[in-house]
Amino acid sequence: MKKTDNLKELLEKAVEGTSDADHAKQGQATVNFDKLTADADLNDTRVTLRSILGGDIFTARRLRKQLPLIAMIVVFLLLYIGNRYSSQSEMIETEKLRTQLADYKSLALIHSSLLLEKTRKSRIENYLRTSNDSSIQVSNIPPYVIKVD
């Protein structure tokens, strides 16, 4: 209750504080604003270079009616530009990753071929024969299959 009473008192003081001169000034300001915003060019449908360069075209009624449409078009253009920029940057990143993937695949192929070369049976046999610290020898007996029933 105290808050609403305080608000009522403040409103009453504000209303009492305005004089008739303030009301007259406010009315005059409203009339001036109406004059400024009135359409002086209702019958003037000419569009000249002078009216475009002077900015008079922006006060024309037909253009002011289209301002929401123009604003919407500008917003869509900004969204389109932003979307285009982000998709183009993603395409550049995708292309970088594709080239990097191709490089890694070629490196993997090189490493697998080197590993295959180093682990061949003949290469291992030559290594065992040339190294004196190994007692492993190649078996002369062929392997045989154990049959389990």
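Because the model is predicted, local features were considered only at pLDDT of at least 70 and side-chain atom pairs only at pLDDT 80 or more, whereas totals for chains, interfaces and linings use all residues. Residues are numbered from 1 along each chain as its sequence is written, and side-chain values rest on heavy atoms, with hydrogens and water left out.

The protein chain contains 6 helices and 0 strands, where helices (H or I, at least four residues) and strands (E, at least two) are DSSP runs numbered from the N terminus; the order of elements from that terminus is α-α-α-α-α-α. The mean pLDDT, the predictor's confidence in each residue on a scale from 0 to 100, is 79 for the protein chain, and 70% of the residues score at least 70. Confidence is highest in α5, at 96, and lowest in helix α2 (residues 20–37), at a mean of 57. Where pLDDT is low, the predicted coordinates should not be read in detail.

The accessible surface of the protein chain, computed by the Shrake-Rupley method with a 1.4 Å probe and, for residues, with only the protein chains shown as cover, amounts to about 14600 Å², and carbon and sulfur atoms account for 62% of this area. Of the 149 residues, 3% count as buried, a class defined by under 20% relative accessible area, with exposed set at over 50% and partly exposed in between (1.4 Å probe, protein chains only).

A nonpolar surface patch is formed by Leu69, Met72, Ile73, Val75, Phe76, Leu77 and Leu79, which together have about 660 Å² of accessible area; patches comprise residues with over 30% relative accessible area and no salt bridge, like charges being joined within 9 Å and nonpolar side chains (Val, Leu, Ile, Met, Phe, Trp, Tyr) within 5 Å. Leucine 79 is located in helix α5 (residues 67–118) and counts as exposed because its relative accessibility is 54%.

With a salt bridge defined as a side-chain nitrogen of Lys or Arg within 4 Å of a carboxyl oxygen of Asp or Glu, the count is 1. This salt bridge links arginine 129 to glutamate 125, with the closest N and O atoms 3.7 Å apart. Because arginine 129 and glutamate 125 are 4 residues apart in helix α6 (residues 121–130), about one helical turn separates them. Arginine 129 counts as exposed at 59% relative accessibility, whereas glutamate 125, at 19%, counts as buried.
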